[in-house]
Amino acid sequence: MKISKTTEHTECTENTSEKIINYKISLCSLWLIVFFGLILSSAITANATPYHDLEKNRQPCSDCHTQHYSEGGGTPPGVEAGGPFAELLIRATTNKLCLFCHDGSDPKAPDVLGPVTMYDGSGDEHSGAGFFSNSGGVSAEQGHDLGVTSVSVPFSSMTNMTLTCASCHDPHGTINYRNVLSSPAGGAGLTVEMAKDVFRDAPPGDPPSATASVSAYKESNEGYKANTSLWCTECHDGLKPSVNNPVNRVHHLIDVPVNGGGYPTDPAHWAAGTGPGFGAATGDLTEGVPRLRFQASTATDYISSKVVASGNEVICTSCHLAHGGRYKKGLVWPYLEPDSPIDANSGCNQCHNF
Ligand code: HEC
Ligand code: HEC
Ligand code: HEC
Ligand code: HEC
Ligand code: HEC
Ligand code: HEC
């Protein structure tokens, strides 16, 4: 788009002949109409640019940064008192900055702080990543903790880690799904894109609206093709396939198909989607939970990534939510909750049918 814009501009200004100038002008306006029409239609159809993608100028720097922490000798409007803050941010910490919009107060921004209500009535219980239990500083059992120093990180060689939103996301945008960092733990990272657009069905419009954000970010609006689990093992390096494998098991395997030969699974049961483990809601006192997420490594688009088949693969996010959720260890269903035994085995049973 950038290239064609420059071309158009040159064509429209480098014209010096008086005689044809009127004709050229109308040709130019026609081109401009076509050009802006194209921009408009690409913005409202598929493949909308990821939000916070600054290269495409989708968000002003001033949403998050201030240039001088002073206005008429006082605190600038809209900026937290007590600054200036590190990296000229308008709030004291990165978590506070992101949660200023992502705590449910801005209906266009996906709510990632529990309790979450924005997806009520959408058919889903929460977004794809789920939600954090608190805005930071308090350790919780239900998934990732923000702003807490974790001396030991499970299944990881890393220690003394303190998570912020920027541990996993680049606030300035990346080529990856959900702007996740290619190297959350430093080093080479995942040198390929974490995902293609199979991860999205209906991106929110531009500018976003509250209803469009709900339908874009809800949990069921996702298809997985590759690298989601490997991305988690950047930090949880003790679960990399070179370490966690059939010969040296430390956790459930990932990226393996349900119908792999000799596996203790029931591929037909998984494909059928009825019976033990399958249900309409989590925690409704009836056995069964909605179908867990899976990976379709042969998918070519969003539709094919959602096709249920006995060759679907298990991924970290079949069982865990990336941020966290209602249940211990950020699990999708109450596997470790003594007070809701009815659904405890539901997730496992979708594939294993015991
Ligand atoms: C000024 C409000 C605001 C602030 C501050 C903000 N966001 Fe957002 N964010 C939004 C809105 C609104 C959307 C959804 C819009 C859309 O997708 O078109 C969004 C979308 C996102 C997405 C999904 C992007 C995608 O395309 O998949 C991520 C990830 C995200 N924000 C992370 C962050 C992080 C991390 C921070 C802090 C560094 C942050 N946001 C700060 C308003 C904000
Ligand atoms: C959605 C919020 C958001 C927006 C919009 C934003 N930034 Fe940032 N920026 C941050 C955060 C958060 C950090 C600190 C990252 C961290 O905690 O590691 C940062 C850090 C920086 C840094 C320090 C170096 C780095 O990359 O960590 C620079 C320079 C910067 N931003 C420039 C800009 C410019 C220029 C713009 C506009 C074109 C912009 N930012 C827009 C949130 C934002
Ligand atoms: C930037 C590094 C990083 C990445 C990437 C990361 N984690 Fe973690 N994870 C941590 C740290 C640090 C802890 C320990 C502290 C805590 O609970 O937040 C942790 C803890 C956990 C826990 C235990 C939570 C609890 O309640 O005890 C689970 C489960 C988990 N991670 C799963 C995942 C999954 C799944 C992914 C990929 C979607 C992932 N992690 C990606 C750093 C990371
Ligand atoms: C441990 C890594 C990690 C941390 C920390 C993290 N995120 Fe995420 N986030 C992810 C991943 C992975 C996804 C995509 C999950 C999926 O769709 O399965 C995601 C998705 C999102 C989305 C898209 C909507 C959704 O919920 O699915 C938003 C918005 C977002 N994150 C904002 C934030 C904000 C704001 C913070 C800090 C308060 C934060 N994230 C901290 C890993 C992280
Ligand atoms: C088939 C389901 C399943 C898959 C797939 C899975 N996990 Fe887990 N995970 C669990 C369950 C259940 C627990 C809690 C109880 C247990 O460890 O048996 C757990 C616990 C954890 C813990 C916490 C361990 C502790 O000591 O607190 C971390 C971290 C974790 N998983 C990360 C991951 C990552 C990263 C992946 C992908 C590489 C992954 N898991 C794949 C089901 C799964
Ligand atoms: C999305 C499908 C899926 C889900 C959900 C799932 N599994 Fe599995 N499970 C598999 C596949 C595929 C294998 C075969 C690969 C392997 O050997 O690990 C497997 C293998 C196993 C094995 C055999 C390990 C061995 O040494 O042979 C155990 C035990 C197991 N799963 C337990 C669980 C438990 C417990 C849960 C629920 C917390 C669960 N699984 C959820 C797909 C799944």
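Modeller: Helices are DSSP runs of H or I with at least four residues, strands are E runs of at least two, and both are numbered from the N terminus. Lys329 sits between two such helices, in the loop between α9 and α10 (346-352). This is a predicted model: local features need pLDDT of at least 70, side-chain atom pairs count only at pLDDT 80 or more, and totals for chains, interfaces and linings use all residues. Residues are numbered from 1 along each chain as its sequence is written, while chains are lettered from A and ligands numbered from 1 in the order in which they are written.

Biologist: Why is Lys329 called partly exposed?

Modeller: Count C-beta atoms, placed from the backbone, within 10 Å of the residue's own: 20 or more others is buried, 12 or fewer is exposed, and in between is partly exposed. Lys329 has 15, so it is partly exposed. Its phi is positive, near 60°, though it is not a glycine.

Biologist: Why does Glu87 count as exposed?

Modeller: Glu87 has 11 other C-beta atoms within 10 Å, so it is exposed. Its place is the loop between α2 and α3. Glu87 also has a positive phi, about 55°, without being a glycine.

Biologist: And why is Ile175 called partly exposed?

Modeller: Ile175 has 13 C-beta neighbours inside 10 Å, so it counts as partly exposed. It lies in the loop between α4 and α5 (210-217).

Biologist: How far is Ile175 from Asp53 in sequence and in space?

Modeller: They are 122 residues apart in sequence, and 9.0 Å apart from C-alpha to C-alpha.

Biologist: What is the omega of the peptide bond from Gly83 to Pro84?

Modeller: Omega is near 0°, and the bond is cis. Pro84 is in the loop between α2 (21-44) and α3 (94-102). The bond from Gly114 to Pro115 is cis too, with omega near -5°. Pro115 belongs to the loop between α3 and β1 (149-152). Most peptide bonds are trans, and most residues other than glycine have a negative phi.

Biologist: Which residues come nearest to ligand 3?

Modeller: Near means a C-beta atom, placed from the backbone, within 6 Å. Of the 24 residues around ligand 3, Asp145, Ser150, Cys232, Cys235 and Cys316 come nearest. Two or more residues each come from α4 (165-168), α6 (228-235) and α9 (316-319). The largest share, three residues, is from α6.

Biologist: Which residues are closest to ligand 2?

Modeller: Ligand 2 has 15 residues around it, with Cys61, Cys64, Thr94, Ala166 and Pro171 the closest.

Biologist: What has the most contacts inside the largest nonpolar core?

Modeller: A nonpolar core is a set of buried Ala, Val, Leu, Ile, Met, Phe, Trp, Tyr and Cys residues, joined through C-beta atoms within 7 Å. The largest has 41 residues, and Val314, Ile315 and Val332 have the most contacts inside it. Elements giving two or more residues to this core are α3, α4, α5, α6 and α9. Contact means C-beta atoms, placed from the backbone, within 7 Å. Leaving aside neighbours within four places in sequence, Val332 touches residues including Leu292, Cys319 and Gly347 by that rule.

Biologist: What is the average pLDDT of the protein chain?

Modeller: pLDDT is the predictor's confidence in each residue, from 0 to 100. The chain averages 83, and 81% of the residues score at least 70. Over residues 1-48 the pLDDT is below 50, and this stretch has 15 contacts in the model beyond near neighbours in sequence. Where pLDDT is low, the predicted coordinates should not be read in detail.

Key
Two residues are in contact if their C-beta atoms, placed from the backbone, lie within 7 Å.
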